[in-house]
Amino acid sequence: MNPPIRLSMSMSLDGFIAGPDDRAGQELGRDGGRLFNWMDDRMSDGPSGQVFRELMATGAVISGRRTFELAGRWQGDHHDGVPIFVLTHRIDDTDVPPGSARFITDAEDCAEQARAAAGDRAVMVHGAGAAQALVRAGLLDEMEIHLVPVLLGGGRRLFDALPPDHIELELVRRLEARDVTHLRYRVRHDGPRP
Amino acid sequence: MGRLVLYMSMSLDGFIAGPGDGKDNPFGTRGHRLHEWLGDGGEDVSGYRPADESGQTVFDELMATGAVITGKRTGDFVGYWDGDHHDGVPIFVPTHRAPASMPPGDVRFVTDGIESCVAQAKAAAGDRDVMLHGACTATECLRARVLDVLAIQLIPVLFGQGRRLFEGLGPGHIELRRVRALESPGALHLRYQVEYA
């Protein structure tokens, strides 16, 4: 099996990936930093360390435009200089992204290029927009949700723009760690259930 | 004194019913998907007991509760389980106005607030927990800081559309403490203690 295109997102139990009013200067929204407490353990030998090392071992990144901009374009390098494919609706030819980042408008094209660039490594997907675009196009293989035991009560949702077609998942790994449950789901492409 | 425990089956994207839920379609379109972790049911509520050990643990806890609180909307949809959710324990319904015609069985409409409703249900349940069902009522209970435990059956599916469990709770985050996670073939049973600031 090919290495997967895998979403990675921290999410509150009520479905938010950022607090209210996320913008430049307050990238995670109000209180949104709460979702990333588990990252304090990213250098540990425990599950959160393992998850972080896996992320850093991915061979390409797919990001939504909004996430990319809020992250300050990662100064062109998310990790190890791997290629960053930024899904966007419109490309301005005068705006050349830094480093290993490039803009791309078509989800299928994006997935294909990212897969090729990553070779035998997984592709990491980040951002709600990119995630949903890939889900809609049937191109996402796995989603790893870092489920955080908190109700944020408001903010930006991971899933809010999907059609009413059920997408079946399969829980393939669950790692419990401090302040988080890492849930890895495989997206079932074998069609809807009867 | 028992605790107030919310029991809800929820899709990974946060839905507890499909689109278009209503009296004739209580789970919404294809909403039954969320309840497949339960058994086939039939005439008897106890017939829904799942086949796997994790599912049975959760189901048995739910069926051991000493009172039920349900929202009026949910209650109306399911006809108040004909007045008997399980073992004839009382069913409490917080509402602004009691209906003109009472449903059968031990259904009690409480019009003087959610706190009073919870207090009455807990008193009726004695040492046993109180089961809460319904999204709006859950939100109301969280705001009033009277919900003790969330028991969420997380179902591995994206619904895309439907009715959400957590809608409009309002900012001001609420911390949870995970107390248990059990896996069933078709559900992850998550249990959280609510830790109000």
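The legends below accompany close-up views of a predicted model.

**View 1. A nine-stranded open sheet that takes in strands of chain A and chain B.** The strands follow one another in the order β5(A)-β4(A)-β3(A)-β6(A)-β1(A)-β7(A)-β11(A)-β10(A)-β8(B), and their pairing is mixed. The edges are formed by β5 (101-104) of chain A and by β8 (157-158) of chain B, each of which pairs on one side only.

**View 2. Parallel pairing of β6(A) with strand β1 and strand β3 of chain A.** Strand β6 (residues 123-126) of chain A is joined to strand β1 (residues 5-12) of chain A by three bridges, the two strands running parallel, and within this pairing A:I5 has A:V123 as its bridge partner. Strand β3 (residues 60-64) of chain A also pairs with β6(A) in the parallel sense, here over four bridges, and A:I62 is found opposite A:V125 of β6(A).

**View 3. The pairing of β4 with β5 in chain A.** Four bridges link strand β4 (residues 84-87) of chain A to β5(A), again in the parallel sense. In this pair of strands, A:V86 stands opposite A:F103, a residue of β5(A).

**View 4. Helix α3 of chain B and the elements against which its buried residues pack.** The helix, residues 114-125, has twelve residues and spans 16 Å from its first C-alpha to its last, close to the 16 Å expected at 1.5 Å a residue. Its buried residues are B:I114, B:S116, B:C117, B:V118, B:A121, B:K122 and B:A125, and they pack against β1, β3 (67-70), β4 (91-94), β5 (107-110), β6 and α4 of chain B. After α3(B) comes B:G126, which has a positive phi, near 65 degrees.

**View 5. The largest pocket, with a volume of about 1100 Å³.** Its lining is made up of 46 residues, and those nearest the centre are B:F27, B:T74, B:V78, B:W81 and B:H133. At least two lining residues come from each of β1 (4-11), β2 (15-17), α1 (53-63), α2 (72-77), β6 (130-133) and α4 of chain B. Sorted by class, the lining of this largest pocket holds 22 nonpolar, 16 polar and eight charged residues.

**View 6. The second largest pocket, which holds about 790 Å³ of space.** This pocket is lined by 35 residues, of which A:M9, A:F36, A:T67, A:H126 and A:G127 are the closest to its centre. Two or more lining residues are given by each of β1, β2, α1, α2 (65-70), β6, α4 (128-136) and β9 (156-157) of chain A. The lining of the second largest pocket divides into 17 nonpolar, ten polar and eight charged residues.

View 7. With a relative accessible area of 41%, A:D31 is partly exposed.

Notes
Residues numbered from 1 in each chain as written. Chains lettered and ligands numbered in written order. Predicted model: local features only at pLDDT ≥ 70, side-chain atom pairs only at ≥ 80, totals over all residues. Heavy atoms only, no water. Pairing = 2+ DSSP bridges. Buried < 20%, exposed > 50% of the residue type's maximum accessible area, 1.4 Å probe, protein only. 1 Å grid on protein atoms, 1.4 Å probe; cavity = no way out; pocket = protein on both sides within 12 Å on 5 of 7 lines; lining within 4 Å. Points joined across faces, edges and corners; volume = space filled by probe spheres on them. Nonpolar A, V, L, I, M, F, W, Y, C, P; charged D, E, K, R; others polar. Expected span 1.5 Å × (residues − 1). Contact = heavy atoms within 4.5 Å.
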